[in-house]
Amino acid sequence: MVGAGGNRRGLAVRAVFAVKRGWYTLRYPRLTLGRGVEIRGRIRLRRGVRVSIGDRTRINKLVRFAGPGEVRVGADCLLNATWIGTWTSVTIGDRCLLSDCELLDNDFHNLPPEQRHDPPVPATRAPITIEDNVWVGAHALVMKGVRIGRDSVVGAATVVRTDVPPRVVVAGNPQQTVKKFHD
């Protein structure tokens, strides 16, 4: 049983989150926030990125988005000190946990030495897709063109350069499958 004090406290907390949602959508016109998004930390958008965050997603610490691309975050996710750099698109499914990690859908520079200071060409970028219920651990790095299958886990400090199948745990640099979840 919750007393009157608990109800008032809950209403006050919801009101604070509503004010924060309103302030961030005014501050960043390219940001769309779903119902019940809880911004417990801060959000920063740079370089024209378009961001859509689904219902009831929680934002902890500083979550940064940069680049001219688009980011779509599903419902009921947790983004904790995450950095997403996008020139194309990054799609994150529902119920995902992203812990102090980086997602980069581009190389930022051309590889050939004579082209490194030129604007990046299309070959330097490819979309990232993270399917539903994925957990990406702290200090992991997810590179361009990767798809991470549903219900998978990316271990702490893992560098993900190739697709991850559904229902596995990957760890290391380069990534290796270290566990499979059996149905």
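How many aromatic pairs does the count come to? In this predicted model, the tally is three aromatic pairs. Take Trp23 and Tyr24: their ring centres sit 4.8 Å apart and the planes meet at 85°, so this pair goes down as edge-to-face. That label follows from the angle, because anything over 60 degrees counts as edge-to-face. Tyr28 comes into the picture too, as ring pairs link Trp23, Tyr24 and Tyr28 into a cluster. As for solvent, Trp23 has 48% relative accessibility and so counts as partly exposed, the cut-off for exposed being over 50%. Tyr24, with a relative accessible area of 7%, is buried.

On to the sheet. Six strands make up an open sheet, and reading across it gives the order β1-β4-β7-β10-β13-β16, with parallel pairing. The edges belong to β1 (31–33) and β16 (147–148); each has a single partner strand, so one side of each is left without a neighbour in the sheet.

Strand β7 (residues 70–73) can be followed in some detail. Towards strand β4 (residues 50–53), β7 pairs in the parallel sense over four bridges, and here Ser52 has Arg72 as its bridge partner. Towards strand β10 (residues 89–92), β7 is again joined by four bridges, with the two strands running parallel; in this case Glu70 stands opposite Ser89. In a regular strand, side chains alternate between the two faces of the sheet. For β7, the covered face holds Val71 and Val73, while Glu70 and Arg72 are on the uncovered one.

A polar atom of the Thr86 side chain lies 3.4 Å from the backbone nitrogen of Thr88. Setting aside neighbours within four places in sequence, the contacts of Thr86 include Val49, Ala66, Gly67, Pro68 and Gly69.

Technical notes
Residues are numbered from 1 along each chain as its sequence is written. This is a predicted model: local features need pLDDT of at least 70, side-chain atom pairs count only at pLDDT 80 or more; totals for chains, interfaces and linings use all residues. Side-chain values use heavy atoms; hydrogens and water are left out. Buried means under 20% relative accessible area, exposed over 50%, partly exposed in between (1.4 Å probe, protein chains only). Two strands pair if DSSP finds at least two bridges between them. Rings of Phe, Tyr and Trp (its six-membered ring) pair if their centres lie within 6.5 Å; planes under 30 degrees apart count as stacked, over 60 as edge-to-face and the rest as tilted. A polar contact is a pair of N or O atoms within 3.5 Å; within protein, one must be able to donate a hydrogen and the other to accept it, and residues adjacent in sequence count only if both atoms are side-chain atoms. Contact means heavy atoms within 4.5 Å.
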